[in-house]
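Work through the exercises below with the sequence and the coordinates open. Each task is followed by a solution in steps.

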Amino acid sequence: MSPSKTFFSLGLLIGMEVCLLNLNGCGGGTASPSSDTLQKIQHVVIIFQENRTPDNLFQDPKLIAAGADIRSSGVNSLGQTIPLTQTPLAINYTPDHSHKAFLGMYDGGKMDGADKIRIDCSPSATNCPPANAQFTFVDPRDVAPYFQLAETYTFGDRIFQTNQGPSFPAHQFIFAGTSAPSPPGAALSNLFVAENPGGSQLAQNGIVPSGCIAAPTEHVFLINPADTNPQTNETQQIYPCLDHPTLADVLDSNHITWRYYTDAVGDIWTAPTAIQHLCQPNVLPPNGTACSSVEFNSNVVPKSAQVLTDISNGQLPSVSWVIPDGRSSDHPVNNDGSGPSWVAAVVNAIGNSKYWANTAIIVTWDDWGGFYDHVAPPSIVNSYEYGFRVPLIVVSPYAKPGHITHVTYDFGSILRFVESVFDLSPVAAGYADATATTDLSDCFDFAQAPLAFQTIPAPLNASHFLNDQRPPVPPDDD
């Protein structure tokens, strides 16, 4: 048995032990769906967009009137009330969203430090940054498909990204429930990858390779979650090739199909590329240039739009992670406003297919992106968990219609929901799925009559994304 598989087996055994000790079992706690109703969900699709908060993205009068906790103003470090100003979804600047930026905005729970967050302008930007660039909301006309989805199905206003930082670790948490470099009990397993990698700007086809195929000079900082001093808790760094167990490993062990749809296999949004036993780089790190494993190349799909083809061809796997191209990501600077159409295209493809009857679609955003949000995390577990709010939309024939859930969730809750659906053990003890208090159960009513699907109008349809032959736009997260 390879070392990586030994690590995974250890994590799985520990997870099984946690289940035996947990009187609620390995599902989602006391509110988890029962085993008979879980058979109604046979596919879970996780659509992971980029860099927005509920206050920034969901200034929807209907949701607010229905009780969604959305504010139209914020407070800065001087105690001044700052009205949120309207901007397009596509803008030419991005706020810093590193761990340091989180600490500045969080300000010990006062949530008054957004004005201290650095603003990075695109090279071609003029008159940038605008005043109070962190205190903005997206033009509702630009995100109408999101509003309709949230109004029709279930919207969550209390999901927090698990990590207090940017995309690279966030994508590890949605894929594995951790950003620890190693499995429980191994070296560095008590630390978290905290930031995006740095140290290399050598692009290949417009993408700066990361993870296990990054340049030898690439590095990523680790954080000691037990050290609350921000001056001393992020001082170690490693090459960004990790080897912790993942939810994909648990799925594999239980013969459950999965795919990770992405447009840039080597970038920081493609979580499997940073997992050595999944990637198996063609040359041992740090000299690899491509992931070579059969499993990787069978399950990591190098074009996101193939999810649309797989749906129409009846080839949707049991579990899917759907990662956008930069243009359709909602990420500031590199998005072109097509994100809501992209999400609608995937939802419409499922809704108008045989998969609608037994699928749960979970739409969320990987991090807060440096934009103001008024809700502080309910608790700080350690020096890196939890982060700020991100939006959540749950779409399914069994999603509660027109429902706003105020239950506290994090990315671990999403993984735990997958585990509940397929009766799986947690990835490993202490990971976010094992510690999640619930599993999205408040978003569903499995006793209700299944909802009939109604197509979500959007400016761009599936053919736009299927026929787009332009090279992918990489993450703008440097």
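Contact here means heavy atoms within 4.5 Å. The model is predicted.

**Exercise 1. Find where Thr 162 lies, decide whether Thr 162 is buried or exposed, and list what Thr 162 is in contact with.**

Step 1. Locate the residue: Thr 162 sits in the loop that runs between strand E8 (154-160) and helix H7 (167-176).

Step 2. Check accessibility against the cut-off, which is under 20% relative accessible area for buried. Thr 162 has 0%, so Thr 162 is buried.

Step 3. Leave out neighbours within four places in sequence; the contacts of Thr 162 are then Phe 173, Tyr 384, Glu 385, Tyr 386, Gly 387, Asp 410, Phe 411, Gly 412 and Ala 432.

**Exercise 2. Asn 132 and Leu 440 each have a positive phi. Is each of them buried or partly exposed?**

Step 1. For Asn 132, phi is about 50° although the residue is not a glycine. Asn 132 is in the loop between E6 and E7.

Step 2. The relative accessibility of Asn 132 is 36%, so Asn 132 counts as partly exposed.

Step 3. For Leu 440, phi is about 75°, and this residue is not a glycine either. Its loop lies between helix H14 (432-435) and helix H15 (462-466).

Step 4. Leu 440 has 0% relative accessibility and therefore counts as buried.

**Exercise 3. Describe how strand E1 (residues 43-49) is enclosed and paired.**

Step 1. Seven of the seven residues of E1 are buried, so the strand is largely enclosed by the rest of the structure.

Step 2. Separate the faces: His 43, Val 45, Ile 47 and Gln 49 are buried on one side, and Val 44, Ile 46 and Phe 48 on the other.

Step 3. Count bridges: seven join E1 to E15, in parallel, and four join E1 to strand E14 (residues 319-322), also in parallel.

Step 4. Take Ile 46 as a reference point. Ile 46 stands opposite Ile 362 in E15, and its bridge partner in E14 is Trp 321.

**Exercise 4. Which residues have the most contacts inside the largest nonpolar core?**

Step 1. The core has 111 residues, and Phe 58 and Trp 321 have the most contacts inside it.

Step 2. Helix H12 (residues 339-351) gives the most to this core, with seven residues.

Step 3. Beyond four places in sequence, Phe 58 touches residues including Leu 63, Tyr 146, Phe 155, Trp 365 and Ile 393.

Conventions. Residues are numbered from 1 along each chain as its sequence is written. This is a predicted model: local features need pLDDT of at least 70, side-chain atom pairs count only at pLDDT 80 or more; totals for chains, interfaces and linings use all residues. Side-chain values use heavy atoms; hydrogens and water are left out. Helices (H or I, at least four residues) and strands (E, at least two) are DSSP runs, numbered from the N terminus. Buried means under 20% relative accessible area, exposed over 50%, partly exposed in between (1.4 Å probe, protein chains only). A nonpolar core is a set of buried Ala, Val, Leu, Ile, Met, Phe, Trp, Tyr and Cys residues joined through side-chain atoms within 4.5 Å. Two strands pair if DSSP finds at least two bridges between them.
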